[in-house]
Amino acid sequence: MGSRERVQIVLAGADEHDLTKLAEFRKAGGYKTLANARKLEPQAIVDELLASGLRGRGGAGFPMGRKASFLAKDTGKPVYLVVNADESEPGDFKDREIMFRVPHRLLEGCLITAHAIDSKHVFIYLRGEYSHEFEVLRSALDEVREAGLLGGVTVVIHRGAGAYICGEETALLESLEGKRGQPRSKPPFPAVQGLYASPTLINNVETIATVPAIVERGGDWYASLGVENSAGTRVFSLSGNVVNGGNYELELGASLYELIYRIGGGIPDGRKLKAVIPGGSSVPVLTAGEIQYPLDFDSMAEAGTMLGSGAVIVIDDRCCMVQLGLRVAQFYQHESCGKCTPCREGTRWMVQILRAIDEGRANHRDLDLLLDVCDRILGKCLCPLGDAAAMPVASYVTKFADEYRQHVDEGGCPFGGESSLDGVFAPVDQHTHAPVAEVPA
Amino acid sequence: MSAELVTVVIDEREVQVAKGTGIVETALSAGIEIPVFCYEPRLGPAVGACRMCLCEVEGMPKLQAVCTMTAQDGMVVRTAQTSAKAAEGQDATLEFILVNHPLDCPVCDKGGECPLQDLTFRWGPGNTRMEFEKRTVEKPIPVSPAIALDRERCILCYRCTRFSEDVAEDGQLVAVNRGASSVIATFEDRPYRAPFSGNVIELCPVGALTSTQYRFLGRPWEIQNVPTVCGLCPVGCNVHATMREGKVRRMLSRNHPEVDEGWLCDKGRFAFTHLYARDRITDPLRRVRQRGFEELSWDDALDEAERLLREAQGRIVTALSGSETVEQAYALGKLLRRGLGAHTAVLPEATSSALDAYRLPLSAIRDAELVVVLGDDPVSERAPIVDLWLRAARRAGARIEYTGDAVESCRRLAGGRDALGKQLRASERAILIWSAEEGSGGSHLAALAGKLGFGDKPGSGAFHLPTTPNGRGIADAWAACCDEEAESPEEIGLLVVSGDEAAADPNVRALAERAERVLVTSMFQGLAVGWADLVLPGTSYLERDGTYVNLEGRLQRLRRAAIPPAPDELAWISKLAERFDVDVPPYASAVFAELSALIYDGLPFGEVGERAELRTRSVAPPAELPDEPQAPAGGTGLKLVRYRGLFSGPAVERVPELQFQRPPPEVELSPEEAEARGIMNGEPVSVTHVGTVRPLRARVNPSLRPGIARIASEHAGDLGGLVEVTKP
């Protein structure tokens with residue numbers, strides 16, 4: 001791929017102007033597309049979305065146009081648009097940047113999409129910890145309201161209360177309805193019975209923020225960007241042991257190597273690359289030898305992992321993969337909602353086994369047991385959270401089997417206390433808030 | 001209701017079911033069991049939480065929680081029987097459930113009747129790979145005085161919370177915390193105080209929610225469940241009485257889909273221990289001196305009873321409870337009316353056969369589109385299960401209207417101009433429910449149903465909620481004994497008081513003041529001592545064989561679960577009857593046979609059935625609308641509505657576990673009336689009527705209409721008519 005020209009869609013203009021202000025955003029052409037879109041038949045917009053090949057940016061990658069066309073028609077109930085801004089995946093921080101740098105692009109996307117699906121009600125479910133983003137988004141919304149741009153649509157910014165599970169679309173809907181944030185069994189899908197049992201389109205912040213550009217320049221134009229099955233651009237959150245961490249909007253199909261070394265400036269202090277998590281903490285890891293793969297949906301699948309939410313976490317050679325596994329498992333144990341059995345019990349068990357390995361109390365049978373527990377979670381849960389714990393951990397154990405065996409054989413960590421997960425993955429106590437009672441694992 | 005049939009292949013067996021049938025049921029119809037924990041169709045849509053039902057479904061890459069799926073044509077399902085992948089999935093689920101489940105089966109009440117044990121035995125791993133510490137928490141937690149919660153045993157299937165939220169709609173039982181820390185709890189650990197709380201014990205698929213009455217009392221292999229019918233309210237829920245060593249140890253629901261759908265109120269579930277109350281009478285008692293008592297033998301007691309009956313010379317009045325069996329009432333009637341010409345009986349309430357023309361099963365409420373409840377009594381206090389049917393109806397989209405004042409509403413709806421009346425007329429599935437003291441046993445309601453054209457609408461019907469469990473059956477039986485009618489005696493030579501409710505009734509006590517002699521049948525000394533000349537031991541509905549007629553008009557069969565501590569009523573009535581040359585068999589079957597020929601079309605006793613059918617609608621006598629209500633005689637104030645609380649009466653008073661459920665000393669007011677008086681919710685107030693003052697607490701109830709003050713009878717004292725509620 002190499003030296004393709006950088007195309008900016010979602011974050012376009014944010015480096016040059018303060019796009020949080022309505023006036024600036026309008027100067028840059030903002031809300032013109034909205035005005036034009038409102039003159040179009042809703043179906044015409046959905047057709048553009050279908051043609052664009054835009055796939056959901058939240059992680060699952062489902063084509064947005066198709067999701068919109070699944071919405072149940074003529075139910076006599078209101079249609080809702082829900083924006084998933086509960087960005088909680090470790091490593092992922094793109095939506096917050098979109099919200100605090102180009103909030104109007106998101107709002108314009110909301111209003112265009114609402115028109116496309118005949119909805120008068122938009123809910124933005126915002127991660128509870130995002131207080132700065134909330135303020136920015138709220139002022140932007142106030143400006144839009146005062147400017148009379150809402151066109152009869154109500155936009156509600158609803159703040160979450162700190163649960164990762166509420167990023168899962170049906171748990172988000174439950175939470176939005178004021179219930180315990182736990183996923184629903186699907187079907188019925190939200191397009192048929194979503195918020196308040198009404199047809200609901202639910203999409204990620206980045207997806208919605210892409211809509212204005214598609215409607216402005218056409219689905220075919222968007223489809224020409226990126227590679228086959230992975231149209232357009234993505235905002236990648238680059239973090240971990242890399243010189244220039246941050247959000248970078250790239251065309252899909254850019255190589256992992258390019259992102260880490262050309263854009264990210266490589267690994268600091270001359271250390272060596274050990275592994276890369278290409279799509280947020282929930283996806284299988286890639287080894288240093290696997291970074292030739294391009295960042296698009298199909299290539300990542302070919303590499304045995306996923307593009308996920310576009311969070312690229314770079315791991316250098318100081319990292320102990322057992323400790324990483326433990327922290328990842330602890331995170332998912334902490335965030336498991338408790339509804340379905342394999343995730344609730346399995347994540348806790350995983351933590352127990354990993355801690356035993358980490359502390360040198362495990363035997364080789366435990367390594368098999370750990371893989372088996374992962375396997376018994378995988379594909380058997382109500383929602384993807386269980387898989388999100390099992391897949392990465394299983395990949396660490398498989399791809400770094402020697403390191404795991406070493407822990408068993410040497411009765412502890414071969415790094416001897418010299419390992420570091422700094423900047424890669426926060427320890428578990430950072431995601432515990434008092435006064436939640438912690439169950440000893 | 002689609003009758004379209006679809007073909008589904010389950011484990012290579014083809015089965016045809018109606019489209020939309022759940023896969024669990026579809027498999028069952030092919031003789032295949034799909035194991036489940038959280039799945040319970042009565043709790044609403046499946047949630048797919050426990051993952052026990054994982055199966056392979058053709059065309060889907062992952063295992064599916066098939067409890068959440070319905071039958072579609074051409075579906076191919078493989079259960080653990082034929083799919084190694086499904087078997088592994090189910091094994092995995094059980095392994096995960098057991099990872100933190102304590103192995104205390106030997107001391108667990110559920111052991112032996114535990115779905116987790118059963119499913120582990122059939123589908124689970126034979127050993128454990130869990131070598132770490134199990135999760136331990138404080139236990140047992142008293143969810144209420146009647147229910148204990150063991151959070152370690154809990155497998156978080158959410159059946160109990162779904163019942164609380166989606167069936168009883170009390171919303172008191174919830175899950176708190178997250179993930180492996182999730183526990184079932186009540187808000188701030190307050191007691192789970194709701195009329196249907198006990199159902200969660202039965203719903204629990206493990207030993208997490210247990211009955212404090214039954215904990216550690218019996219093992220499933222040394223108990224017997226006797227199918228009978230609850231005798232504590234006019235619904236007549238079908239129940240099992242769990243017997244161990246001759247004693248009733250617990251009550252379980254026994255699903256009659258038309259009557260109770262397998263739910264049981266806490267009175268029906270927990271009140272049975274009144275059988276073993278400390279003041280239970282086991283021998284006949286005779287008054288000595290003014291207030292003393294002595295036991296006497298049955299022979300002496302029968303002599304004494306005969307003497308009392310003869311000395312009264314026909315000037316006998318019988319006070320019935322409404323909880324006697326049909327057979328008891330008929331036997332007593334035969335003895336007194338044919339043997340002694342004593343025809344006068346008083347029942348605690350009026351009864352009528354007029355509603356027989358508008359009969360429907362209670363389950364029809366759920367299928368209705370419009371339900372109108374007439375009257376100010378809370379439905380759940382008079383006939384608790386009806387309240388659950390009303391909630392089910394509302395969830396199914398029905399419109400439920402509460403009109404207040406029954407007599408006034410009845411007249412208004414019957415008139416041609418009322419909007420709601422017109423809608424009732426237009427509807428094909430409308431239900432009327434009368435929830436008030438007055439009403440002539442349902443005949444006013446029948447008149448209204450007639451006016452609204454319900455006679456020609458098989459989907460529309462009417463229910464009168466009586467206060468007694470078998471008032472209707474008793475009235476019919478008493479009437480069938482004899483054709484003669486006699487005037488009530490001027491002077492009462494002997495008052496025969498049949499049963500505890502009659503013995504506790506102040507009106508009956510007033511009659512006793514006028515009677516020369518009093519003969520009481522009662523279970524409890526506390527009710528009989530001090531005013532009866534002769535006391536014969538009474539029995540409970542759990543100790544009787546016989547039949548009851550419930551508020552639908554359904555004849556249901558009681559089976560004797562426990563042997564009473566003394567000969568039952570039929571036994572001594574039969575002996576006594578002999579002395580007056582009246583033939584009364586001592587067996588319920590024989591008494592019923594005689595009576596059935598007279599009023600139940602000769603239905604044999606054996607065919608009443610364990611799940612009794614509702615008789616078809618019959619032509620009923622004409623009924624009349626209530627007279628124009630008299631304007632209250634002057635004065636201002638709120639109309640007092642007294643209601644008998646569900647958790648009251650002689651049985652409940654003797655059950656420690658139910659004391660917390662008894663009605664609090666409060667007066668309910670509408671928000672409007674409360675505001676007009678400057679009264680806040682929970683404030684102490686004085687309720688006044690002429691010279692009577694009752695100190696109570698105010699409860700502002702938004703569903704109450706203005707103009708009334710509602711108080712449970714036991715807290716209303718001598719209040720009546722119009723009352724004023726003021727700050728003290």
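**A loop residue and the interfaces**

Modeller: B:Asp356 lies in the loop of chain B that runs between β17 (344-346) and β18 (370-374); helices (H or I, at least four residues) and strands (E, at least two) are DSSP runs, numbered from the N terminus. The model is predicted, so local features need pLDDT of at least 70 and side-chain atom pairs count only at pLDDT 80 or more, whereas totals for chains, interfaces and linings use all residues. Residues are numbered from 1 along each chain as its sequence is written, chains are lettered from A and ligands numbered from 1 in the order in which they are written, and side-chain values use heavy atoms, with hydrogens and water left out.

B:Asp356 counts as buried because its relative accessible area is 8%, the limit being under 20% with a 1.4 Å probe and protein chains only. Beyond its neighbours within four places in sequence, B:Asp356 is in contact (heavy atoms within 4.5 Å) with B:Arg472, B:Arg617, B:Ser618 and B:Ala620. With B:Arg472 there is a side-chain polar contact of 2.8 Å; such a contact is a pair of N or O atoms within 3.5 Å, where within protein one must be able to donate a hydrogen and the other to accept it, and residues adjacent in sequence count only if both atoms are side-chain atoms.

Turning to the two chains, 37 residues of chain B and 38 residues of chain A take part in the contact. Together they bury about 3200 Å², 50% of it from carbon and sulfur atoms; this is the accessible area (1.4 Å probe) lost on being put together, summed over both parts. B:Phe96, B:Phe132 and B:Arg178 supply 26% of what chain B buries against chain A, more than any other three residues. The rule finds 9 salt bridges across this interface, each a side-chain nitrogen of Lys or Arg within 4 Å of a carboxyl oxygen of Asp or Glu. One of them joins B:Glu95 and A:Arg376 at 2.7 Å, N to O. Chain B and chain A also share 22 residue pairs in polar contact, both residues at pLDDT 80 or more. On the chain B side, α2 (84-99) and β8 (173-176) each supply at least two residues, and α2(B) gives the most, with 9 residues.

Key:
Buried area is the accessible area (1.4 Å probe) that two parts lose on being put together, summed over both. Buried means under 20% relative accessible area, exposed over 50%, partly exposed in between (1.4 Å probe, protein chains only).
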